[in-house]
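Could you walk me through this protein, from its overall layout down to a few individual residues?

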Amino acid sequence: MTALGRHVLIEFYGCPSDIIENNALIEKFMRGAADYSGATIVESVFHHFNPYGVSGAVIIAESHLTIHTWPEYGFASVDVYTCGDSVNPWKAADYLSEKLQAKKTESFEVPRGMVDKIRQFAEQEIEEVKVKPQELEGVK
């Protein structure tokens, strides 16, 4: 392992405004993306802004998915941050591209928690860096 996590940033262009304006639909799609990627959903919170736009987060045992929408521009911005090897953040990106009906999608991945840097800047010697198993009791 070279990094603890993977952070995929996705820009969705040309999305129908009626889709990315719908708070309940956005939450459904974001939870669906988390599920499709193999994540374990802990909870979610979404907010509809006046006059328009949605922001929300799906907290997963492996980290989180977040979204911000600008229906007036047909644009949505999504972050999918996962830790460990059990979740594929690119599956979430593909799922959302389809559900948001984006005409164009741009994305890139940023490694998070680079193991070399963790070791370099730690106050003590670290022999092994690994993602701890998640405590999933009570998680649905």
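This is a predicted model: local features need pLDDT of at least 70, side-chain atom pairs count only at pLDDT 80 or more; totals for chains, interfaces and linings use all residues.

Residues are numbered from 1 along each chain as its sequence is written, and side-chain values use heavy atoms, with hydrogens and water left out.

Let us begin with the whole chain. Along the principal axes, the C-alpha atoms occupy a box of roughly 55 × 35 × 25 Å. The protein chain has 140 residues, and 38% of them count as buried. Buried means under 20% relative accessible area, exposed means over 50%, and partly exposed lies in between (1.4 Å probe, protein chains only). The accessible surface of the chain is about 8,400 Å², with 49% of it belonging to carbon and sulfur atoms. Such areas come from the Shrake-Rupley method with a 1.4 Å probe, and for residues only the protein chains shown count as cover. Among contacts between residues at least 6 apart in sequence, 62% join residues at least 24 apart.

Now step inside. A nonpolar core is a set of buried Ala, Val, Leu, Ile, Met, Phe, Trp, Tyr and Cys residues joined through side-chain atoms within 4.5 Å. The largest one here has 28 residues, and Phe12, Met30, Leu65 and Leu100 touch the most other members. At least two residues each come from E1, helix H1 (17-20), helix H2 (23-36), strand E2 (41-48), strand E3 (54-60), strand E4 (63-70), strand E5 (75-83) and helix H3 (89-99). The element that gives the most to this core is H2, with five residues.

Next come the charges. The chain has 13 positive and 21 negative charges, and their mean positions are 3 Å apart. In this count Lys and Arg are positive and Asp and Glu negative, while His and the chain ends are not counted. Each charge is placed at NZ of Lys, CZ of Arg, CG of Asp or CD of Glu.

How many salt bridges are there? The count comes to two, a salt bridge being a side-chain nitrogen of Lys or Arg within 4 Å of a carboxyl oxygen of Asp or Glu. One of them pairs Arg6 with Glu109, whose closest N and O atoms are 2.8 Å apart. Arg6 sits in strand E1 (residues 3-13) and Glu109 in strand E6 (residues 104-114), so this pair ties together parts that are 103 residues apart in sequence. Arg6 is partly exposed at 28% relative accessible area, and Glu109 is partly exposed at 32%. Besides Arg6, Glu109 also touches His7, Val8 and Trp90, not counting residues up to four places away in sequence. Glu106 and Lys104 form a salt bridge too, with 3.8 Å between the closest N and O atoms.

Finally, a few spots in the backbone deserve a look. Most residues other than glycine have a negative phi, and most peptide bonds are trans. Between Asn50 and Pro51, however, there is a cis peptide bond, with omega about 15°. Pro51 belongs to the loop between E2 and E3. Gly53 is found in the loop between E2 and E3 as well, and it is buried, with a relative accessible area of 2%. Leaving out residues up to four places away in sequence, Gly53 touches Glu21, His47, His48, Thr69 and Pro71.

Which residues other than glycine have a positive phi? Ser63 has a positive phi of about 145°, and Gln101 has one near 55°. Ser63 lies in strand E4 and counts as buried at 19% relative accessibility. Gln101 is in the loop between H3 and E6 and is partly exposed at 48%.

Key. Contact means heavy atoms within 4.5 Å. Helices (H or I, at least four residues) and strands (E, at least two) are DSSP runs, numbered from the N terminus.
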